[in-house]
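Here is a friendly walk through a structure, with an eye on its charged pairs and its nonpolar packing. Keep the 3D view open as you read.

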Amino acid sequence: MVEVVIYTDGACKGNPGPGGWGAFMQYGKHAKELFGGEANTTNNRMELRAAIEGLSALNKQSVVKLYTDSSYVKNGIEKWMTGWKRNGWKTASKQPVKNVDLWQQLDELVKKHEVHWHWVKGHAGNPGNEKADELANLGAQKYL
């Protein structure tokens, strides 16, 4: 299987407000930059969209090292999602899961690949994370 590294990030100018997502992908000596945004969104939605768009860009089954600075995304996928699905996409307190549309998209994409999730501290000089942050901000720019 192909091995790919993806750094993802979301940005929001106001929360809610205009936002953007970015994904920086590396495969061997190749790199790909993806970004986009929405006029009225939240930071968490943009963090999820970044992971979704990065995984969606893969055209064959891959081993993915996905780096995010979002504890929400990493904990959601690794710790909370199993319970949400078991409870009909409700939280432990029986409330509907926020951003369920995006969580369900991410869940389907993860099934297609072998994804290893990694958390990195944001704005701490990690080159891949800094690039993803730059891309997310570019995605938000057209909605400001």
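## A charged pair to start with

Which kind of contact do the side chains of K111 and D107 meet in? They come together in a salt bridge, at 3.9 Å from N to O; the term stands for a side-chain nitrogen of Lys or Arg within 4 Å of a carboxyl oxygen of Asp or Glu. K111 counts as exposed at 53% relative accessibility, whereas D107 counts as buried at 10%. Here buried means under 20% relative accessible area, exposed over 50%, and partly exposed in between, with a 1.4 Å probe and protein chains only. Salt bridges that share partners join K85, D107, E108 and K111 into one network.

D107 has its place in helix α3. Its side chain also makes a polar contact with the side chain of K85, at 3.1 Å. A polar contact is a pair of N or O atoms within 3.5 Å; within protein, one must be able to donate a hydrogen and the other to accept it, and residues adjacent in sequence count only if both atoms are side-chain atoms. Leaving aside residues up to four places away in sequence, D107 touches M81, K85 and W89, where contact means heavy atoms within 4.5 Å.

## About the model

This is a predicted model, in which local features need pLDDT of at least 70 and side-chain atom pairs count only at pLDDT 80 or more, while totals for chains, interfaces and linings use all residues. Residues are numbered from 1 along each chain as its sequence is written, and side-chain values use heavy atoms, with hydrogens and water left out.

An unreviewed UniProt entry places the feature "domain: RNase H type-1" at residues 1–141; such annotations may be inferred rather than shown by experiment. That span is 40% helix and 33% strand, and its end C-alpha atoms lie 36 Å apart. Helices (H or I, at least four residues) and strands (E, at least two) are DSSP runs, numbered from the N terminus.

## Salt bridges across the sequence

A search of the whole structure finds 9 salt bridges. One of them links K131 with E33, the closest N and O atoms being 3.3 Å apart. K131 lies in helix α4 (residues 127–141) and E33 in strand β3 (residues 30–41), so this pair ties together parts that are 98 residues apart in sequence. Both partners are partly exposed: K131 has a relative accessible area of 21%, and E33 comes to 42%.

R45 and D101 form another salt bridge, with the closest N and O atoms 2.9 Å apart. Because R45 lies in helix α1 and D101 in helix α3 (residues 100–110), the pair ties together parts 56 residues apart in sequence. D101 is partly exposed, at 37% relative accessible area.

## Nonpolar packing

The largest nonpolar core has 29 residues, of which I6, L55, L66, W103, L106 and W117 touch the most other members. Such a core is a set of buried Ala, Val, Leu, Ile, Met, Phe, Trp, Tyr and Cys residues joined through side-chain atoms within 4.5 Å. Helix α1 gives the most to this core, with 6 residues. A second, separate core of 6 residues includes Y7, Y67, V120 and A132.

Helix α1 covers residues 43–56, and its buried residues include M46, L48, I52 and L55. W117 touches A51, L66, V73, K74, I77, E78, L106 and V110, not counting residues up to four places away in sequence.

How values were computed: The expected span of a helix is 1.5 Å times one less than its number of residues.
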